[in-house]
Amino acid sequence: LWVAAHVFGITDALVYGRATKTLLQFARPFWRRPDRPRAFGTNLDVGAVWDGSEHQRGSGAILVSLAGGAASTAAQQLLRTPDLEGFSQQLRWMGGTARDRRVIASECFVWEDDPWSNGGYAVFTPGFDPAWRRWLAMPAGRVLFAGEHTSLESQGYINGAVISGQRAALEAMALFRATRAT
């Protein structure tokens, strides 16, 4: 019981970062050039952008935007512009014509509006003691914890969530075996 209370007290100290992830489909990948990377960190309202269809054939292409922190709110404003013109304007630096940058389809997810996560990633603020990090993944009896926030190697990334999920699955199997043995 003490461990559970301690873990829940620690998780109360966690802050979750705002994040808006947007997938934008275009008729052609106007941003692709042989001498250019496929992912970009920016200080623009669109946040970080990367080629979401780099290994797919065909003329259409998808650009992914992940706007974190204050950029999350700004990206949501861009999504409200007619025909997503706000996003298109923010992508001018990537090349192409205005016609190339016309969005054919889009999908958006606002992580801070998700009732299950309340944010896109854990933010370890100055009020969060780094010594608590290892406690985030510790089981509390039969309650197991997973998620990017429990990963020491890949916190903030999907691979941290996946690896921690695999760890929790192994812990669940060990608990199941232990209860069957008794």
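Residues are numbered from 1 along each chain as its sequence is written, and side-chain values use heavy atoms, without hydrogens and water. Because the model is predicted, local features need pLDDT of at least 70 and side-chain atom pairs count only at pLDDT 80 or more, while totals for chains, interfaces and linings use all residues.

**View A. Aromatic pairs.** Searching the whole structure turns up 7 aromatic pairs; here rings of Phe, Tyr and Trp (its six-membered ring) pair if their centres lie within 6.5 Å, with planes under 30 degrees apart called stacked, over 60 edge-to-face and the rest tilted. One of them joins F109 and W111 edge-to-face, at 4.6 Å centre to centre and 70° between the planes. F109 is partly exposed, with a relative accessible area of 36%, and W111 is partly exposed at 31% (buried means under 20% relative accessible area, exposed over 50%, partly exposed in between, using a 1.4 Å probe and protein chains only). F124 is partly exposed at 26% relative accessibility, whereas F128 is buried at 3%. Elsewhere, ring pairs link F26, F30 and W31 into a cluster.

View B. T22 sits in strand β2, residues 19-26 (strands are DSSP runs of E, at least two residues, and helices runs of H or I, at least four, numbered from the N terminus). T22 is buried, at 0% relative accessibility. Leaving aside residues up to four places away in sequence, T22 touches L63, V64, S65, L79, F87, E107 and C108, where contact means heavy atoms within 4.5 Å.

**View C. The largest pocket.** This pocket holds about 730 Å³ of space (a pocket is an open set of points on a 1 Å grid over the protein atoms alone where a 1.4 Å probe fits, with protein on both sides within 12 Å along at least five of seven lines; lining residues have an atom within 4 Å of a point). Of its 22 lining residues, G120, Y121, E148, G156 and I158 lie nearest the centre. The elements giving two or more residues to the lining are β2, β5 (61-68) and α4 (158-181).

**View D. Helix α4.** With 24 residues, α4 reaches 35 Å from its first C-alpha to its last, close to the 34 Å expected at 1.5 Å a residue (1.5 Å times one less than the number of residues). Its buried residues are G160, S164, A168 and E171.

Methods
Points joined across faces, edges and corners; volume = space filled by probe spheres on them.
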